[in-house]
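Subject: Structure handover

Hello,

Here is the structure I promised you. Please open it and keep it in view while you read my notes below.

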Amino acid sequence: MKKAFIITSLLAVFFTSCKQDAKKEEVKEAEAETTQVEDSQNKNGIVTLSGEFIYVADAAVLTGNNFIYGVQLDSMTMKLSEQVKPLKREDFDMVPVIVKAKVKPNPAKEGWDEIIEIKEILKVSAPKGEEAIKVKGK
């Protein structure tokens, strides 16, 4: 009886510790990727930004872990919007992207102090997480 209890306890400890190690490793990888991507900047003022993108009728926004930028509406933003469209489950889904962009002052002085001008689209990913909760009957 004692042997069965000891074996069961050891198995429980083993499986619990393996699960936590895997989660810690995933978190460390995600943090490292975000830090490397957001902090890279070259001589031309072009930065690589990783965040969630949303485009609605007359505005676009890129949100990251420690920034929120309005996005200049131009041909690159429209191109990104077209790449994002098939991945969205709803109109207001934010889609993870990685872009190279130039950060500059907002000439309109409305909304954000700074906006970005997208220079290159590096990656577009499907949104993670669950779908929005829907109210029954709507």
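Let's begin with one residue. N44 sits in the loop that links α1 (2-39) to β1 (46-56). Is N44 buried or exposed? N44 counts as exposed, because its relative accessibility is 56% and the cut-off for exposed is over 50%. Now find K102. In sequence, N44 and K102 are 58 residues apart. In space, their C-alpha atoms are 8.2 Å apart.

A word on confidence. This is a predicted model. The average pLDDT of the protein is 76, and 62% of the residues reach at least 70. Residues 18-40 have a pLDDT below 50. In the model, that stretch has 15 contacts beyond near neighbours in sequence.

Next, the sheet. Which order do the strands follow around the barrel? The order is β1-β2-β3-β5-β4. These 5 strands form a closed barrel, and their pairing is mixed. On average, neighbouring strands of this sheet are turned by 55° against each other, ignoring direction.

A helix belongs to this picture too. Helix α2, residues 75-84, packs on the sheet. Helix α2 touches β1, β2, β3, β4 (95-105) and β5 (114-124). The directions of α2 and β5 make an angle of about 45°.

Finally, look at one strand pair. Strands of a sheet pair through backbone hydrogen bonds, either parallel or antiparallel. Here, β2 (residues 59-63) and β3 (residues 68-71) run antiparallel. How many bridges join β2 to β3? There are 3 bridges. Opposite T63 stands I68, in β3.

Best wishes

Methods: Residues numbered from 1 in each chain as written. Predicted model: local features only at pLDDT ≥ 70, side-chain atom pairs only at ≥ 80, totals over all residues. Heavy atoms only, no water. Helix = DSSP H or I, 4+ residues; strand = E, 2+ residues; numbered from the N terminus. Buried < 20%, exposed > 50% of the residue type's maximum accessible area, 1.4 Å probe, protein only. pLDDT = per-residue confidence, 0-100. Contact = heavy atoms within 4.5 Å. Pairing = 2+ DSSP bridges. Axes fitted to C-alpha atoms, helices over the stretch in contact; angles between N-to-C directions.
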